[in-house]
Amino acid sequence: MACPLAQENGLGARAVTSAVFFAVGAGLILHVRRVLLRELRQIRKVAGAAQSVLLRPLPPRIDGLDIAAAQLSADHGASIGGDLYEAIATEHGVRVVMGDVRGHGLGAIGTVAAVLGSFREAAHDEGELGGVLRRLERALARHLCERDRAERPSSGPGSDGDTAEEFVTVLLLEIRGDGEVHALNCGHPWPYLLTRGRVRPLVRAEPLPPLGPFPLPARLPAEPCGRLRPGEGLFLHTDGAEDARDTRGRFFPLLPALTAAVRDGPVVPQAVLRAVLTGLLSHTGGRPADDVALLVLHNDRRPLALKPGRVSQHVPR
């Protein structure tokens, strides 16, 4: 209304006034759009950094073991969800955790953080896998109680809220310097042992119940799983890989996909991971309905040459 041209009744004046207002409005819209895009990029950058700290990328090699890992989140735009994994070199051997939190996507990230944080400490501190598992159980119980109190501040001290329905499946592995593998499994799928041209389950034992609903037994002896020899690999996964379905409701054929990946050559973690991911995404049309985590380990250690009076042992290259 302050524009002098707006007081004119001529067609030319009205056209000029409209052009001025259009230019000013378009400039304001473009400016706001640039500001919003800049803020969105910054938010995504911060979120990506936070997610990479929580589920940090694994190094390609740990203590003579080649490693490849990947995760798919069921939530669009998120790079992590309710699945978790970690591998750490310790004085007891390379210790690995693979887990799956009840539910999927962003809502399960707090539980993932509690379990992973506990494992990263306990893997170094505890001499036995059973001690590591008990630390994870206590960390999960504390997290669920704190979350329940935060969500239900009026609840009494004896109220459990919804924590009784929460659980986490957990697989713990310990791969020692000589290749001996020991495991503790709480409701998680067992890994597959990969050799050239052959895939088979590492163990067929019955797992313990998942962490959360039931207390752990008094004794927790680790399950001996044999030896991971040089050239052999392990494939760890969450149930989202086996339960992924196509549009016709058919499950993803994980075992045939693994067999095809090692049929014609040595076990190469990146190649195995790429083959399974490609098949999984093709089967589900690009996005599985549940979180998926995959981890491939390959023993690339080589034995020392035998010397008189000495016993052969494995060392990392």
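Me: What is the handedness of the crossing of α2 and α3?
Reply: In this predicted model, the crossing of α2 and α3 is right-handed. The axes of helix α2, residues 109-125, and helix α3, residues 129-151, come within 9 Å and cross at roughly 150°. Angles over 145 degrees count as roughly antiparallel, and α2 and α3 are therefore roughly antiparallel to each other.

Me: And which residues in α2 meet α3?
Reply: The α2 side includes Gly110, Ala114, Phe119 and Asp125, and among the residues they meet on the α3 side are Val132, Leu136, His143 and Arg147. By type, the residues of the contact of α2 with α3 divide into 9 nonpolar, 4 polar and 4 charged.

Me: OK, sheets now. What is the strand order in the sheet with 5 strands?
Reply: That open sheet runs β3-β4-β5-β6-β9, with antiparallel pairing. Strands β3 (83-90) and β9 (223-227) stand at the edges with a single partner strand each, so one side of each has no neighbour in the sheet. From one strand to the next, the twist averages 15°.

Me: How many bridges join β5 to β6?
Reply: Strand β5, residues 168-175, and strand β6, residues 180-186, run antiparallel and are joined by 6 bridges, and Leu172 stands opposite Leu184 in β6.

Me: Where do those two helices sit, then?
Reply: Helix α2 packs on this sheet and touches β3, β4 (93-101) and β5, its direction making about 15° with that of β3. Helix α3 lies across β4, β5 and β6, and runs at about 155° to β5.

Me: What about the sheet of 6 strands, what is its order?
Reply: It is an open sheet with the order β1-β2-β11-β10-β7-β8 and antiparallel pairing. The edge strands are β1 (61-62) and β8 (198-201), each of which pairs on one side only. Helix α6, residues 269-284, packs on the sheet, where it touches β2 (65-72), β7, β10 (233-237) and β11 (292-299), and its direction makes about 20° with that of β2.

Me: Last topic: where is confidence lowest and where is it highest?
Reply: Confidence is lowest in strand β13, residues 314-315, at a mean of 43, and highest in β10, at 98. For the chain, the mean pLDDT is 83, and 77% of its residues reach 70 or more. Over residues 304-317 the pLDDT is below 50, and this stretch has 22 contacts in the model beyond near neighbours in sequence.

Note on methods. Residues numbered from 1 in each chain as written. Predicted model: local features only at pLDDT ≥ 70, side-chain atom pairs only at ≥ 80, totals over all residues. Heavy atoms only, no water. Pairing = 2+ DSSP bridges. Helix = DSSP H or I, 4+ residues; strand = E, 2+ residues; numbered from the N terminus. Contact = heavy atoms within 4.5 Å. Axes fitted to C-alpha atoms, helices over the stretch in contact; angles between N-to-C directions. Parallel < 35°, antiparallel > 145°, perpendicular 65-115°, else oblique. Left-handed = near helix turned anticlockwise from the far one by under 90°. Nonpolar A, V, L, I, M, F, W, Y, C, P; charged D, E, K, R; others polar. pLDDT = per-residue confidence, 0-100.
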